[in-house]
Each structure stands twice: as structure tokens, then as C-alpha cells.
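Here are a few exercises for getting to know a new structure. Have a go at each task before you read its solution.

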Amino acid sequence: TIAGILNNNAEIEFLDAGENGIEVTPTGALNNTVAIFQRFIFDFFSIGQNFLQNQGTVNNSGTISIDFADGEGIVNLAEGVLTNEGVIQIGKSGDPTFIRGKGISNLGQISNTNAGRMRIFQSGAAAFSNESGGETTNEGTISIEGSSEGEVSGTGVSNNGVFTNQI
């Protein structure tokens, strides 16, 4: 749980975690400039629910790579602000059960800047879901790619909020 400020200027690798891999509270901030990885371990889910659950501020100018979650890859809640100037990739390892829920679920604010790239290879539900109340601005690239080993089982992009695409 991040309730203060975490400035990540190195690599963080998750092999096992409890309910959520990273949980940012309303008072918390995560600033990633290098890499946060969550990788496959043996033959079970290492993250009990969501890999990244944000109610605060997340700034990414590095890489966030998520391969396994029993729930969603990223959940940006109503209070959450997520800014991506780097790379976020979800489900690259492939198997369709590795990200059981949505790749990204947004109820807050997401800004994918012109330098930002969001790549979703696999999810058990919608790849990118902008929920009611969610505001997404995309100036970069959001790609729903699939892979030889997995696919997006639901809708590519689902929008019930405000989604502005301005490349």
C-alpha cells in the first residue's frame, strides 16, 4: 500500500503479492521512471485480485509490465489520476486466463501522452474499459494486439465515460 510518495528509479519485480500487487491510496503517489514488472511464477496466479489499484496519483515514464492477475491488470478508481508517458503492457505472456478481468478499467482520469504507449495483448474481459465517470485522453498509442498464445476475450475498447482521442 502506498499512502505517501514512492519514486521508483530502479526495477521492482513482483513474484507474489496478496490481494493487490500495488495499491495507491487517495493520499499516495507512485512515480515510475524505470520498470515495474509482474511475472509468471510456476502455474498459479501470483496476484490475488488487481495488479495496480489506484486511488491517488500514478505517473509512469518508464515501463509497467503486467502478466498475471486474478482480477484486472489496472484499476484506476474515481479518485485516481494516471499519467502515462512510457510503456504499459498487459498480458504479453499470452494465456487467456492470465489476466482474468479487464486489462485496464478506468473510473478516474487517464492521460496517455504523445510519448505514451499502452499495449494490451490479453485479457479475460474488455481490454480497455472507460467506465461511467471515467475520463481518458489519448495522445499516444493504445493498441489491442493479442498474441499467438492469448487474446482479448471481451470488447477491445468499451466506453461509458468521456474518451478523447487526439493524435
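**Exercise 1**

Is Arg 117 buried, partly exposed or exposed?

*Solution.* Keep in mind that this is a predicted model. Start with the cut-offs: under 20% relative accessible area is buried, over 50% is exposed, and anything in between is partly exposed. Next, look up the value, which is 36% for Arg 117. So Arg 117 counts as partly exposed.

**Exercise 2**

Find which residues are linked with Arg 117 in a network of salt bridges.

*Solution.* First, a bit of background: side chains of opposite charge can pair when their charged atoms come close. For a salt bridge, the cut-off is a side-chain nitrogen of Lys or Arg within 4 Å of a carboxyl oxygen of Asp or Glu.

Step two: see what else Glu 145 does. It also forms a salt bridge with Arg 119, with the closest N and O atoms 2.8 Å apart. Arg 119 is in strand β14 too, and here the partners are 26 residues apart.

Arg 117, Arg 119 and Glu 145 make up a network of salt bridges. As for Glu 145 itself, a relative accessibility of 33% makes it partly exposed.

**Exercise 3**

Work out which parts of the chain are linked by the salt bridge between Arg 100 and Asp 70.

*Solution.* Begin with the contact: the N to O distance in this salt bridge is 3.1 Å. Now place the two partners. Arg 100 is in the loop between β11 and β12 (104-106), and Asp 70 is in the loop between β8 and β9, so to speak distant parts of the chain, 30 residues apart. Then check how open they are: Arg 100 has a relative accessible area of 46% and is partly exposed, and Asp 70, at 31%, is partly exposed as well. By the salt-bridge rule, the count for the model comes to four.

**Exercise 4**

Give the order of the six strands in the open sheet, and say which ones stand at the edges.

*Solution.* Write out the order: β3-β6-β9-β12-β15-β18, with parallel pairing. Then look at the ends. β3 (22-24) and β18 (157-159) each have a single partner strand, so one side of each is left without a neighbour in the sheet. Neighbouring strands here are turned by 5° against each other on average, direction ignored.

Now zoom in on one pair. Strand β6 (residues 52-54) and strand β9 (residues 74-76) are joined in the parallel sense by three bridges. Across that pairing, Asn 54 faces Asn 76.

**Exercise 5**

Trace the pairings of strand β8 with β5 and β11.

*Solution.* Take β5 (residues 35-38) to begin with: four bridges connect it to β8 (residues 63-66), and the two run parallel. Ala 35 is opposite Thr 63 in this pairing. Then turn to β11 (residues 87-90), which pairs with β8 in the parallel sense, again over four bridges. There, Ser 65 has Gln 89 as its bridge partner.

**Exercise 6**

Describe the surroundings of Glu 85.

*Solution.* At 43% relative accessibility, Glu 85 is partly exposed. Leaving out residues up to four places away in sequence, Glu 85 touches Asn 60, Ser 61, Thr 113, Ala 115 and Gly 116.

Key
Residues numbered from 1 in each chain as written. Predicted model: local features only at pLDDT ≥ 70, side-chain atom pairs only at ≥ 80, totals over all residues. Heavy atoms only, no water. Pairing = 2+ DSSP bridges. Axes fitted to C-alpha atoms, helices over the stretch in contact; angles between N-to-C directions. Buried < 20%, exposed > 50% of the residue type's maximum accessible area, 1.4 Å probe, protein only. Contact = heavy atoms within 4.5 Å.
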